[in-house]
Every structure is written in structure tokens, then in C-alpha cells.
Amino acid sequence: MRPGGPKRIVSELSEAQLINRVEPVYPRIAVVSGVQGQVKLHAIIARDGTIQSLNVMSGHPLLVRAATDAVSQWRYRPYVLNGEAVEVETFITVNFRKEGR
């Protein structure tokens, strides 16, 4: 490890960097209750493109688990800086919307 720890880049990763997206399962209780909206997450993506850390910033409690379960399975193309794969800190928004609204 280098002095000062590993390099980490803060970035809004594009959809093109995402190579495996698992869609969240809309919780039945949320559908029945009419709950919809966004879950905002803070993620650290490891050098190999896996989600290393995932924290909830905001979102309805009925939707948070579905969003984190899905996003934790996402895989990204490794982010390369100066020929070296680096960790990336990013923000992810998962939208839950009932059909027909």
C-alpha cells in the first residue's frame, strides 16, 4: 500500500460503466401501500468493479432493503486512472414507481 492509503476517485459513473445491473424487486407491501419514490445510496466501488461499501443516504424504509439488495450485486467495469485500477466513490439513485402513475 502506498503512503496516504489507496487512491479513491469521486465520480458519477455512467451507465456504460455498469456491466451487471440487478433490478430491485418492488416490495409487495410498498406496492399495496402505494409507496413509491427514490432510494439514494453512497457506494464505494472496489478496484475489481464490485460494490465494496453501500450506505443509505435517504429513501422510504419500505424501499431501502430492496434497493440495497439489488445494488450490492451490481458490477462495474474497473475505473482506470493512469493505467491503474482505483476505487471509486459514487452516488446511486434507485427509483421505485408504480405502473400507471
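I read the elements of the protein chain from the N terminus on as β-β-α-β-β-α-β-β-β. That makes two helices and seven strands, where helices (H or I, at least four residues) and strands (E, at least two) are DSSP runs, numbered from the N terminus. The model is predicted, so I note that local features need pLDDT of at least 70 and side-chain atom pairs count only at pLDDT 80 or more, while totals for chains, interfaces and linings use all residues. Residues are numbered from 1 along each chain as its sequence is written, and side-chain values use heavy atoms, with hydrogens and water left out.

**Whole chain**

I looked up burial for the 101 residues of the protein chain and found that 32% count as buried. Buried means under 20% relative accessible area, exposed over 50%, and partly exposed in between (1.4 Å probe, protein chains only). I then took the contacts (heavy atoms within 4.5 Å). Among those between residues at least 6 apart in sequence, 75% join residues at least 24 apart.

**Strand β3**

I checked the neighbours of β3, counting two strands as paired if DSSP finds at least two bridges between them. Strand β3 (residues 37-45) pairs with β7 (residues 84-96) in the antiparallel sense, over nine bridges. With β4 (residues 51-58), β3 also runs antiparallel, and six bridges join the two. I followed Ile44 to both sides: Glu89 stands opposite in β7, and Ser53 is the bridge partner of Ile44 in β4. The hairpin of β3 and β4 has five residues between the strands, and there Gly49 takes a positive phi near 95°.

**Helix α2**

I listed the buried residues of α2 as Leu63, Val64, Ala66, Ala67, Thr68, Ala70 and Val71. What covers them includes α1 (28-33), β3, β4 and β7. I picked out Thr68, which has its place in this helix. Thr68 has a relative accessible area of 18% and is therefore buried. Leaving aside neighbours within four places in sequence, I find Thr68 in contact with Leu41, Leu54 and Val56.

**Salt bridges**

I searched the whole structure for salt bridges and got two. The rule asks for a side-chain nitrogen of Lys or Arg within 4 Å of a carboxyl oxygen of Asp or Glu. One joins Glu23 to Arg21, with the closest N and O atoms 2.7 Å apart. Arg21 counts as partly exposed because its relative accessibility is 37%.

In the other, the side chains of Asp69 and Arg65 meet at 3.3 Å, N to O. Asp69 and Arg65 are four residues apart in helix α2 (residues 61-71), so about one helical turn separates them. I noted the accessibility of both: Asp69 is partly exposed at 37% relative accessible area, whereas Arg65 is exposed at 62%.

**Cavity**

I ran the cavity search on a 1 Å grid over the protein atoms alone, a cavity being a set of points where a 1.4 Å probe fits but cannot get out. Grid points are joined across faces, edges and corners, and a volume is the space filled by probe spheres set on the points. The count comes to one cavity of 30 Å³ or more. About 30 Å³ of space lies in the largest cavity. Its lining has 11 residues, of which Ile45, Arg77, Pro78, Tyr79 and Val88 are the closest to the centre; lining residues have an atom within 4 Å of a point.

I sorted the lining of the largest cavity into eight nonpolar residues, two polar and one charged. Here Ala, Val, Leu, Ile, Met, Phe, Trp, Tyr, Cys and Pro count as nonpolar, Asp, Glu, Lys and Arg as charged, and the others, Gly among them, as polar.

Methods. On a 1 Å grid over the protein atoms alone, a cavity is a set of points where a 1.4 Å probe fits but cannot get out, and a pocket is an open set with protein on both sides within 12 Å along at least five of seven lines; lining residues have an atom within 4 Å of a point.
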